[in-house]
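Q: I'd like to learn how to read a structure, one feature at a time. Could we go through this one together?

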Amino acid sequence: MTETKTVSPPTKRPVRQLLAASVGNAVEWYDWYAYTFLATYIAAQVFPKSADNSLVPLLSTFAVFAVGFFMRPVGGLLMGTVADRHGRRAALTVTILLMGGSSLLVGLTPTYAAVGVLAPVILVLARLLQGLSVGGEFAASTTFLVESAAPGRRGLFSSFQYVSTTIGQLVASGIATLLVDTLSDGQMNGWGWRVPFVLGAVLSLVGFWIRQGAQETRSEEQQQAPRPGLFEALRRHPRESLLICGITAGGTIAYYTWTSYLPTYAELNAGIEKSDALLAGTISLAFFAVLQPLGGLLSDRFGRRPLLLFFGLGFALLSVPLLHALNDSFAVLLLVQCAGMVLLTGFTSISAAVNAEIFPPRVRAAGIGFPYSLTVALFGGTAPYVGTLFKELGHSGLFPWYVAVLCLLSSLVYLRLPETAHAPLRR
């Protein structure tokens with residue numbers, strides 16, 4: 001890709017920029033993932049029980065999880081356009097407030113026994129707002145992080161996208177584990193599952209306060225330029241938009257399978273106890289967070305493409321044997337999760353940098369936000385539902401092959417991807 005103009009990084013406070021992006025992002029994703037970890041409790045309280053099949057409420061809960069994902073492209077487009085028109089910081093402020101409000105709404109959702117069908121309606125509304133927020137958050141924070149980086153450090157800064165995401169997920173997993181271990185089933189079903197969502201609303205206010213001190217990364221030239229249209233990125237850069245989809249498809253199915261759905265998958269298919277599954281997820285997430293900066297540094301030195309191929313080909317070859325290796329052993333589950341985290345780092349640690357390096361600054365946030373979030377909605381958001389549906393249909397062994405095929409297809413894209421690690425970022 002041809003670079004037309006470069007300038008020095010817009011900020012002399014990189015640590016503060018990292019903190020502003022990371023803290024807010026961690027809060028956003030804490031709220032988002034709390035839903036996943038507590039899905040079985042939400043299913044029992046918000047959806048009607050089926051006399052014929054106990055999986056029906058859980059399938060309904062994961063369907064709502066997927067509905068939230070399908071609002072993410074809208075959020076990526078709308079909030080990305082806000083970031084391109086009014087600045088990255090303005091968009092980040094809106095997304096954190098949206099997430100706080102939607103998290104509180106989940107926490108206050110009444111039960112099906114109390115209000116009937118209104119309960120799932122309220123839950124769907126909350127997930128739609130969360131999807132809007134998360135889609136916008138990725139678009140704005142990805143752009144903000146990479147534009148804040150010094151030359152030769154974009155991969156490192158990019159890695160903090162998933163460091164902070166994982167911290168949020170780790171806190172959500174840890175709190176869910178603590179609640180499950182300390183409260184009775186009656187308490188968890190009665191009020192315990194609501195606690196993480198109310199806490200998330202409070203934490204969103206903290207993230208909002210921290211982001212007020214962030215420095216805008218959009219260049220003065222871009223601030224003075226005519227504002228881009230809502231669909232300008234798609235209209236003028238269709239090839240780049242399709243490239244984002246190809247890069248993301250394998251990464252998102254692997255990410256959501258290993259970081260979100262695997263505890264439930266292990267419960268349904270290998271007989272793992274719920275508390276053991278959550279504990280293994282928590283430990284592997286901590287390991288995953290530590291790996292991210294290492295992946296970013298390696299990409300700054302050796303390039304983006306080698307890491308992407310390590311991820312894509314690794315999952316194409318190992319998804320099936322890893323998932324088929326699961327049994328009722330905690331140690332095996334932990335080993336499978338950690339092995340996947342090593343492979344996954346080849347994608348997650350640098351995806352923000354790869355995406356930002358594809359688009360010009362005028363439409364960078366919206367250009368990233370819409371195709372990325374659409375692909376995540378199609379393949380990542382549906383992963384828990386597809387996996388549970390395969391189980392329901394009696395073909396649970398097909399799900400690992402589904403993951404492997406998508407990762408293989410993305411690997412073909414990585415082979416043709418131009419190397420951008422050592423080229424200056426367009427500003």
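Q: Let's start with charged side chains. Which residue forms a salt bridge with Glu147?

A: A salt bridge is a side-chain nitrogen of Lys or Arg within 4 Å of a carboxyl oxygen of Asp or Glu. Here Glu147 pairs with Arg88, and their closest N and O atoms are 2.8 Å apart. That pair ties distant parts of the chain together: Glu147 sits in helix 7 and Arg88 in helix 5 (residues 88-107), 59 residues apart. Helices here are DSSP runs (H or I, at least four residues), numbered from the N terminus.

Q: What kind of model am I looking at?

A: A predicted one, where local features need pLDDT of at least 70 and side-chain atom pairs count only at pLDDT 80 or more, while totals for chains, interfaces and linings use all residues. Residues are numbered from 1 along each chain as its sequence is written, and side-chain values use heavy atoms, with hydrogens and water left out.

Q: Are Glu147 and Arg88 buried or exposed?

A: Buried means under 20% relative accessible area, exposed means over 50%, and partly exposed is in between (1.4 Å probe, protein chains only). Glu147 and Arg88 are both buried.

Q: Which residues are linked with them in a network of salt bridges?

A: The network joins Asp84, Arg88, Glu147 and Arg364.

Q: How many salt bridges are there by this rule?

A: The count comes to nine. One of them joins the side chains of Glu357 and Arg154, at 2.8 Å from N to O. This pair also links distant parts of the chain, with Glu357 in helix 17 (residues 351-358) and Arg154 in helix 8 (residues 154-182), 203 residues apart. Both Glu357 and Arg154 are buried.

Q: And which residue does Arg362 meet in a salt bridge?

A: Glu232, at 2.6 Å from N to O.

Q: What does the same check give for helix 1?

A: Its 24 residues should span 34 Å, and the end C-alpha atoms are 33 Å apart, so the two agree. Helix 1 is largely enclosed by the rest of the structure, because 19 of its 24 residues are buried.

Q: What does the side chain of Gln17 contact?

A: A polar contact is a pair of N or O atoms within 3.5 Å; within protein, one must be able to donate a hydrogen and the other to accept it, and residues adjacent in sequence count only if both atoms are side-chain atoms. Gln17 lies in helix 1 (residues 14-37), and its side chain makes such a contact with the side chain of Ser148 at 3.2 Å. The side chain of Gln17 also reaches the backbone nitrogen of Gln215, at 2.9 Å. With a relative accessible area of 1%, Gln17 counts as buried.

Q: What does Phe311 touch?

A: Contact means heavy atoms within 4.5 Å. Leaving aside neighbours within four places in sequence, the contacts of Phe311 include Gly250, Ala254, Leu343, Phe347, Cys407 and Tyr414. Phe311 is part of helix 15 (residues 304-324), and at 0% relative accessibility it counts as buried.

Q: And which residues is Gly312 in contact with?

A: Cys407, Ser411 and Tyr414, again leaving aside neighbours within four places in sequence. Gly312 is found in helix 15 as well, and its relative accessibility is 0%, so it is buried.

How values were computed:
Helices (H or I, at least four residues) and strands (E, at least two) are DSSP runs, numbered from the N terminus. The expected span of a helix is 1.5 Å times one less than its number of residues.
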